[in-house]
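Visitor: I would like to learn how to read a helix in a model. Please take me through one.

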Amino acid sequence: DASGLTATDPDALSHLAAIVPDLAKRFTPTIPTDRAQVGTALSQYLRAVATERPMALVIDDAEYADEPTIEALRVATAQLQQTPLLFIVTLSPTAADTPPELARLCADIRRTLDGASVRLKALAHEEIEVLVKSFATWCEDDDQQRRLTKRLATDVGGNPFFAVTFLRGLAETPTLKPDLATSPRPNV
């Protein structure tokens with residue numbers, strides 16, 4: 001349903017329809033002959049959509065992605081220079097082995113696209129405390145902020161992405177606030 005979809009080459013859409021069931025309802029699927037064809041179709045789609053409105057493509061926990069998907073993404077990103085696209089790939093620092101295809105994708109992204117490779121370290125307790133003070137202005141007092149900080153540090157293990165996502169979600173969800181601001185209970 002993205003604006004720009006109709007500007008995508010019809011052949012590219014038919015190749016994508018062969019692997020994306022929602023597109024198969026609108027376009028006649030054509031089985032791609034190889035991963036490069038899928039990658040090229042994906043790049044044409046992403047370029048058409050991003051030209052209408054800049055977009056972000058996020059691959060979380062990429063170490064679990066299958067090899068054909070990673071290879072198609074590698075082909076696509078190589079063709080997306082000068083496209084208003086933010087491409088985010090997250091990898092767990094504790095992943096045992098990075099698949100070779102993923103290592104090639106990351107290397108290609110660093111080499112061909114403008115951007116940066118960022119390694120986020122786990123947040124220290126003091127850093128989580130600063131986030132809580134910034135995001136949890138709804139806390140009634142310092143004691144509630146301390147308890148929420150302790151709870152957040154325990155639940156997200158210092159992961160910056162999860163900490164911010166958790167706090168933003170909590171700001172929009174009134175039903176969870178009382179439980180999280182009182183748990184863990186004082187002196188626990």
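This is a predicted model: local features need pLDDT of at least 70, side-chain atom pairs count only at pLDDT 80 or more; totals for chains, interfaces and linings use all residues.

Visitor: Where is Gln145 placed?

Guide: Helices are DSSP runs (H or I, at least four residues), numbered from the N terminus. Gln145 belongs to helix α7, residues 142–156.

Visitor: What span does α7 reach from its first C-alpha to its last?

Guide: The expected span of a helix is 1.5 Å times one less than its number of residues. With 15 residues, α7 reaches 21 Å, close to the 21 Å expected.

Visitor: What is found at the start of α7, and what follows the helix?

Guide: At the start, a side-chain oxygen of Asp141 comes to within 3.1 Å of the backbone nitrogen of Asp143. Gly157 follows α7, and its phi is positive, near 60 degrees.

Visitor: Is Gln145 buried or exposed?

Guide: Buried means under 20% relative accessible area, exposed over 50%, and partly exposed in between (1.4 Å probe, protein chains only). Gln145 is buried because its relative accessible area is 13%. The buried residues of α7 also include Leu148 and Leu152.

Visitor: Which residues does Gln145 touch, not counting those up to four places away in sequence?

Guide: Contact means heavy atoms within 4.5 Å. On that basis Gln145 touches Val132, Lys133, Ala136 and Cys139. Of these, Lys133 lies in helix α6, residues 125–135, and is partly exposed, at 47%.

Technical notes. Residues are numbered from 1 along each chain as its sequence is written. Side-chain values use heavy atoms; hydrogens and water are left out. Helices (H or I, at least four residues) and strands (E, at least two) are DSSP runs, numbered from the N terminus. A polar contact is a pair of N or O atoms within 3.5 Å; within protein, one must be able to donate a hydrogen and the other to accept it, and residues adjacent in sequence count only if both atoms are side-chain atoms.
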